[in-house]
Amino acid sequence: MSTPERVCVGRVGKPHGLDGSFVVEGASDDDRWFSVGARLLVGPDRVEVVAARRAGGRPVVRLDRPVPRGAALEVERNDLPETEEDEYYAFQLVGLEVVEEGGRVLGAVATVDPGVANDVLALDTGVVLPMVEDCVREIDLAAGRILVASGFADPH
């Protein structure tokens, strides 16, 4: 399984004000990407955040040049901070095979979606599993597999 070289940390959203600022949609929880001086990638271009604030709890930024609405705001994977033990970036889980204790294959992770109380693993088979300790027993990136407890997926 290949890991992307670039990771999306948000998207260019609706304009905010008249100075070229915009709301960042789907923003990363890591505010470092949306502070003045942060360098991001938009397509082939490297851009810099020249103004930053929050509105309604969401980041609002202005870049050093105009970029199209909907464009992905990305960073190099190597620029991401190291994770602690038992911490993972969502993009690392996408594509991993999910196996229930006992050996039943439930599918592969299609997306990791934010939930009200916890994130959820949405599998390519339609199964949705909570990212809680009672459900997720082991994540093995090297083996490309997630082991989950029995009883969280429909038995059929």
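Colleague: How many disulfides does the count come to?
Modeller: The count comes to 0 disulfides, where a disulfide is a pair of cysteine sulfur atoms within 2.5 Å. Bear in mind that this is a predicted model, in which local features need pLDDT of at least 70 and side-chain atom pairs count only at pLDDT 80 or more, while totals for chains, interfaces and linings use all residues. Residues are numbered from 1 along each chain as its sequence is written, and side-chain values use heavy atoms, with hydrogens and water left out.

Colleague: And C135, buried or exposed?
Modeller: C135 counts as buried because its relative accessibility is 0%, buried meaning under 20% relative accessible area, exposed over 50% and partly exposed in between, with a 1.4 Å probe and protein chains only. C8, with 42% relative accessibility, counts as partly exposed.

Colleague: Stepping back, what does the secondary structure of the chain come to?
Modeller: The protein chain has 1 helix and 12 strands, and along the sequence the pattern reads β-β-β-β-β-β-α-β-β-β-β-β-β. Helices (H or I, at least four residues) and strands (E, at least two) are DSSP runs numbered from the N terminus. The C-alpha trace spans about 55 × 30 × 25 Å along its principal axes, and buried residues make up 33% of the 156 residues.

Colleague: Which strands does β4 join up with?
Modeller: β4 (residues 45-55) runs antiparallel to β5, with 6 bridges joining them, and 4 bridges join β3 to β4, again in the antiparallel sense. Two strands are taken to pair if DSSP finds at least two bridges between them. In β4, R46 is the bridge partner of L41, whereas on the β5 side R54 has P59 as its bridge partner and A55 stands opposite R58.

Colleague: What about the turns, which residue has a positive phi in the hairpin of β3 and β4?
Modeller: That is G43, with a positive phi of about 60°, in a hairpin with 2 residues between the strands. The hairpin of β4 and β5 also has 2 residues between its strands, and there G56 takes a positive phi near 60°.

Colleague: Which residue other than glycine has a positive phi?
Modeller: D86 has a phi near 65°, and this residue is found in the loop between β6 (72-76) and α1 (90-93). Most residues other than glycine have a negative phi. D86 counts as exposed because its relative accessible area is 63%.

Colleague: Back to β5, how many bridges pair it with β2?
Modeller: β2 (residues 22-25) and β5 (residues 58-63) pair over 2 bridges in the antiparallel sense, and F22 has V61 as its bridge partner in β5.

Colleague: Then the open sheet: what is the strand order?
Modeller: The open sheet of 6 strands runs β10-β9-β8-β7-β12-β11, with mixed pairing. Its edge strands, each pairing on one side only, are β10 (128-130) and β11 (136-140). Neighbouring strands of this sheet are turned by 35° against each other on average, direction ignored; the axes are lines fitted to C-alpha atoms (for helices over the stretch in contact), and angles run from 0 to 180 degrees between N-to-C directions. Within this order, β7 (residues 97-100) and β8 (residues 105-113) pair in the antiparallel sense over 3 bridges, with E97 having A108 as its bridge partner in β8.

Colleague: Where is the largest nonpolar core drawn from, which elements give two or more residues?
Modeller: The largest nonpolar core has 19 residues, and L40 and L73 have the most contacts inside it. Such a core is a set of buried Ala, Val, Leu, Ile, Met, Phe, Trp, Tyr and Cys residues joined through side-chain atoms within 4.5 Å. β1 (6-15), β2, β3 (39-42), β4, β5 and β6 each give two or more residues, and β1 gives the most, with 3. Another core, of 15 residues, lies apart from it and has V112, L121, V136 and I139 among its members.

Colleague: Last topic, aromatics: how many aromatic pairs?
Modeller: The count comes to 1 aromatic pair, namely Y89 and F91, which are stacked at 5.7 Å centre to centre with 15° between the planes. Rings of Phe, Tyr and Trp (its six-membered ring) pair if their centres lie within 6.5 Å, and planes under 30 degrees apart count as stacked, over 60 as edge-to-face and the rest as tilted. Y89 has 24% relative accessibility and counts as partly exposed.

Colleague: And which residue lies over the face of W33?
Modeller: R32 does, at 5.6 Å from the ring centre; a charge sits over a ring if NZ of Lys or CZ of Arg is within 6 Å of the ring centre and within 35 degrees of the ring normal.
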